[in-house]
Amino acid sequence: SPARLRGGFDKMGCSGGGGYRIDVDKGSSVVRFHLLVDGTPEAGSSYGDIYIPKGCLYFSIPCFGADVSNLSRRESPVTVRQVGWHTGWRREESRIVGTFRAVPIEEARRKDKY
């Protein structure tokens with residue numbers, strides 16, 4: 001199924017995900033999951049020099065009571081993992097490529113007929 005980026009201007013295929021986990025630390029909980037995506041073209045990207053590489057998009061969002069049925073409605077980050085040199089060391093880094101917001105599926109369908 002396709003994913004939407006930039007309010008519907010960029011699309012890419014999604015071919016699955018890897019489940020989710022809940023990290024609990026000192027009373028706060030975060031749900032983490034990822035989706036395997038086809039990415040967007042590097043050349044001719046419709047948004048300047050920004051593109052999404054083929055691979056995994058990683059999502060994390062706060063939840064309450066360590067329960068995925070009670071997700072935060074605030075914006076949360078979407079990241080990719082890439083090898084970088086920005087620290088002087090070659091290592092895998094997470095880079096934010098956007099944000100998302102969890103809403104009930106009925107509300108999402110009402111807002112966006114996609």
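## Ser-76 in strand β5

Ser-76 lies in strand β5, strands being DSSP runs of E of at least two residues, numbered from the N terminus. In this predicted model, local features need pLDDT of at least 70, side-chain atom pairs count only at pLDDT 80 or more, and totals for chains, interfaces and linings use all residues. Residues are numbered from 1 along each chain as its sequence is written, and side-chain values use heavy atoms, without hydrogens or water.

With a relative accessible area of 3%, Ser-76 is buried (under 20% relative accessible area, 1.4 Å probe, protein chains only). A polar atom of its side chain lies 3.5 Å from the backbone oxygen of Arg-74. Neighbours within four places in sequence aside, Ser-76 is in contact (heavy atoms within 4.5 Å) with Ser-60, Ile-61, Pro-62, Gly-98, Thr-99 and Phe-100.

## Nonpolar core

The largest nonpolar core has 12 residues, including Ile-61, Val-78 and Phe-100; such a core is a set of buried Ala, Val, Leu, Ile, Met, Phe, Trp, Tyr and Cys residues joined through side-chain atoms within 4.5 Å. Strands β3 (28-37), β4 (55-63) and β5 (76-84) each supply at least two residues of this core, and β4 gives the most, with 4 residues.

Among the contacts of Val-78, with neighbours within four places in sequence left aside, are Leu-57, Phe-59 and Phe-100.

Methods. Buried < 20%, exposed > 50% of the residue type's maximum accessible area, 1.4 Å probe, protein only. Polar contact = N/O pair within 3.5 Å; in protein donor to acceptor, adjacent residues only side chain to side chain.
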